[in-house]
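Trainee: Please take one part of this model and go through it closely. Then link it to what surrounds it.

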Amino acid sequence: MEKDKMISELVRLVGKENVLCSDMHLKLYEYDASLIRSKPDCIVCPTSTEQVSKVVKFAHDHKIPVIARGSGTNLSGGSVAVRGGIAIVLTRMNRILEMDIENLRVVVQPGVVTLDLKNVLARHGYLYQPDPASEKVTTIGGNFGENSGGPHCLKYGVTSNHVLGVELVLYDGQVVEVGGKALDNPGYDLMGVLGGSEGTLGIVTQAVLRIMPKAEAVKTMLCIFNSIEDGGNTVTAIIGEGIIPATLEMMDNLTIKAVEEAYHVGFPTDAAAILIIELDGLKDGMERLTERILAICRQHNVREIRVAKDQAERDKIWAGRKGAFGAVGRLRPNYLVNDGTVPRTRLPETLAKVVEIGKKYKLPIANVFHAGDGNLHPLILFDERDKDELTRVHAAAMEIMKLCVDMGGTISGEHGIGVEKIQGMSFIFSASDIAAMKKVKAAFDPENMFNPGKVLPETEKAA
Amino acid sequence: MSHSTQWVSALKGIIGETNVIQDPDQLKGYAVDGLAPRAVVSPGSVEEVSKLLAYAHSEKRTVVPRGNGTKMAAGGIPGKIDLILSMLRINRITEHDIPNLSLSVEAGITLLEVQKKLAGAGKGSFLPLDPPYTERATIGGIIAASTTTT
């Protein structure tokens with residue numbers, strides 16, 4: 001279809017104010033937080049489910065690819081329009097539709113910003129647990145599409161554990177309900193299929209979320225180590241003791257230095273590793289549990305322990321962690337965030353190998369990770385203008401992914417597959433595994449119009 | 001030999017005679033709401049399950065998987081049952097990684113066996129599930145029916 005005609009049709013469907021198509025707009029929506037760039041042909045910002053349905057039906061009738069998108073903070077190319085088409089930006093659908101506090105449920109539109117929801121819930125003494133580092137800007141729809149994690153997913157699980165139902169626009173514009181307010185809904189568990197499907201199966205226009213009462217007590221500790229091994233072994237020992245803290249976050253020296261230079265939160269720049277351990281729960285027993293954890297840290301040669309005395313000190317520690325990516329971004333013009341998972345017990349060994357990979361490709365690598373989950377985030381620093389360096393970055397990233405798989409882990413923890421990791425799928429899935437997933441894709445999207453070119457490799461190469 | 005018994009003989013060829021039940025009296029014990037299967041097969045490996053299903057598919061035979069039958073009161077009534085696939089012989093713990101808090105088991109193991117194993121290893125752990133008939137319910141059945149408590 002001719003572009004002008006497409007635009008005039010879209011304007012007719014959703015109104016002029018909800019269609020963006022200038023060169024500048026296309027440029028603004030050509031990227032996410034990965035290195036992948038590709039422009040959509042047009043951007044539509046619907047304000048209702050009905051408009052989303054109309055746009056999808058129009059795209060279906062004219063065989064135009066559609067890509068749902070929130071704030072574009074995703075990290076693997078999931079929301080980049082690699083085959084052009086219509087980018088459906090859902091940030092204008094940002095209302096909280098229902099607060100059923102007594103039943104611990106809220107119903108929201110997909111464009112609600114994660115932290116905005118949390119701030120509203122906090123006024124009632126409740127919270128929505130998932131806490132991706134980008135929660136200040138990410139949307140609930142995007143979090144569900146990528147099945148985002150965050151520090152607290154060690155104890156509370158990833159986004160899909162908190163989304164109980166959705167309203168979904170199917171490939172032909174039909175609107176269906178999946179799941180609901182109950183914990184276990186009858187019939188097939190399509191929620192399990194949709195969580196993390198990166199917009200390849202349908203577009204979520206409403207979501208039922210599970211909320212929880214705010215914990216009675218929180219204890220946040222900053223534990224400083226002179227060696228990465230000691231930090232890693234502490235993590236394994238804590239979980240081995242049968243303790244599951246709310247978070248077990250780790251940062252290496254390069255990250256610590258970057259964070260301290262950027263935010264001045266008081267991290268010691270000569271430390272090899274920092275662990276942020278947070279406990280939440282009942283007041284009773286909290287001190288005893290804290291003492292047990294501190295004893296484990298001491299057994300593993302902790303250099304210093306700082307326990308946050310109040311909310312302000314706690315906020316400072318978390319500002320350092322949540323700002324880590326941004327801080328590392330100051331070191332070189334670009335960075336690539338890797339996201340792999342290994343069995344927690346193999347974390348120290350894996351990290352040592354990541355360091356070797358960095359040396360091999362002559363690239364600095366900073367490490368921030370959800371240690372409790374064995375979820376690594378090596379940040380490879382580089383300058384994209386240096387083509388040779390860029391080639392080395394991609395090779396190093398692929399090697400880190402392979403390393404995680406060899407360690408008994410997997411190629412993603414929470415950032416999705418998108419485009420960036422599509423080749424890595426064959427590291428973990430057989431040709432028949434991928435063929436089975438393709439049948440699901442074909443059932444939801446028979447003509448491959450929803451976010452084409454993502455998640456599943458086109459050819460089924462055996463592992 | 002009629003065609004209707006031929007396919008049952010073929011099943012014996014796949015998993016051995018002793019693992020196929022054909023005796024009508026015994027089959028009655030496997031009836032679902034009065035509907036008895038034509039045969040009950042008890043494969044001993046995932047590979048055998050795969051072969052059985054491929055064969056049943058090629059013969060267009062309906063298959064109902066079964067553990068210990070503790071959820072017979074739940075679920076719908078099947079239209080037709082040719083074959084009941086008993087998973088009870090596929091009951092191993094295939095991986096137990098205590099430090100990483102993960103366990104891999106085959107479908108036919110009972111929850112009781114799992115709990116016993118977990119309680120005795122390391123500092124002791126458990127699977128936080130308590131469906132009815134814990135001592136007999138299999139992991140495969142618990143997952144398929146998504147049973148919680150009654």
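**A sheet, its helices and its surroundings**

Mentor: Start at the N terminus of chain B: its elements follow the order α-β-α-β-α-β-β-β-β-α-α. That makes 5 helices and 6 strands in chain B. Keep in mind that this is a predicted model. Along the principal axes, the C-alpha atoms of chain B fill a box of roughly 60 × 30 × 25 Å.

Now pick out the sheet. In chain B, 4 strands make an open sheet in the order β1-β2-β4-β3, and the pairing is mixed. Which strands stand at the edges of this sheet? They are β1 (20-21) and β3 (63-66) of chain B. Each has a single partner strand, so one side of each has no neighbour in the sheet.

To find the pairing on screen, go to Val64(B): Ile84(B) in β4(B) stands opposite. In general, the strands of a sheet pair through backbone hydrogen bonds, and they can be parallel or antiparallel.

Helix α3 of chain B covers residues 46-58. This helix lies across β2 (39-41), β3 and β4 of chain B. Its direction makes about 170° with β4(B).

Step back to the domains of chain B. The assignment gives domain 1 (3-86) and domain 2 (93-145). Their C-alpha centres are 25 Å apart. In the contact, domain 1 of chain B supplies 6 residues and domain 2 of chain B supplies 10. On the domain 1 side, 1 residue is nonpolar, 4 are polar and 1 is charged.

Chain B also touches chain A. Here 7 residues of chain B meet 8 residues of chain A. The chain B side has 2 nonpolar, 3 polar and 2 charged residues.

Cross over to chain A and look for a sheet. Chain A has an open sheet of 4 strands, ordered β1-β2-β4-β3, with mixed pairing. Inside the order, β2(A), residues 42-44, and β4(A), residues 86-89, pair in the parallel sense over 3 bridges. Val44(A) has Ile88(A) in β4(A) as its bridge partner.

What packs on this sheet of chain A? Helix α3(A) does, touching β2, β3 and β4 of chain A. The direction of α3(A) makes about 170° with that of β4(A). Helix α1(A) lies across β1 and β2 of chain A, at about 5° to β2(A).

Those two helices also meet each other. The axes of α1(A), residues 3-14, and α3(A), residues 49-61, come within 9 Å. They cross at roughly 155°. An angle over 145 degrees counts as roughly antiparallel, and α1(A) and α3(A) are therefore roughly antiparallel to each other. The crossing is right-handed. From α1(A) come Glu9(A), Leu10(A), Leu13(A) and Val14(A). They meet Gln51(A), Lys54(A), Val55(A) and Phe58(A) of α3(A). By class, the residues of this contact are 5 nonpolar, 1 polar and 2 charged.

Now follow chain A further along. Its assignment lists domain 1 (3-89), domain 2 (96-213), domain 3 (217-326) and domain 4 (332-422). The centres of domain 2 and domain 3 of chain A are separated by 29 Å. Their contact takes 5 residues from domain 2 of chain A and 9 from domain 3 of chain A. The domain 2 side has 3 nonpolar, 1 polar and 1 charged residues.

The axes of α8(A), residues 228-240, and α13(A), residues 347-360, come within 8 Å and cross at roughly 150°. On α8(A), the contact includes Ile228(A) and Val235(A); on α13(A), it includes Leu347(A) and Leu351(A). This contact has 5 nonpolar, 2 polar and 1 charged residues.

Helix α13(A) also packs with α14(A), residues 387-406, at about 160°, with the axes 10 Å apart. The pair is therefore roughly antiparallel. Its crossing is right-handed. Thr350(A), Lys353(A), Val354(A) and Ile357(A) of α13(A) meet residues of α14(A), among them Ala396(A) and Leu403(A). The classes here are 6 nonpolar, 1 polar and 2 charged.

Methods. Residues numbered from 1 in each chain as written. Chains lettered and ligands numbered in written order. Predicted model: local features only at pLDDT ≥ 70, side-chain atom pairs only at ≥ 80, totals over all residues. Contact = placed C-beta atoms within 7 Å. Nonpolar A, V, L, I, M, F, W, Y, C, P; charged D, E, K, R; others polar. Domains from an automatic or database assignment. Axes fitted to C-alpha atoms, helices over the stretch in contact; angles between N-to-C directions. Parallel < 35°, antiparallel > 145°, perpendicular 65-115°, else oblique. Left-handed = near helix turned anticlockwise from the far one by under 90°. Pairing = 2+ DSSP bridges.
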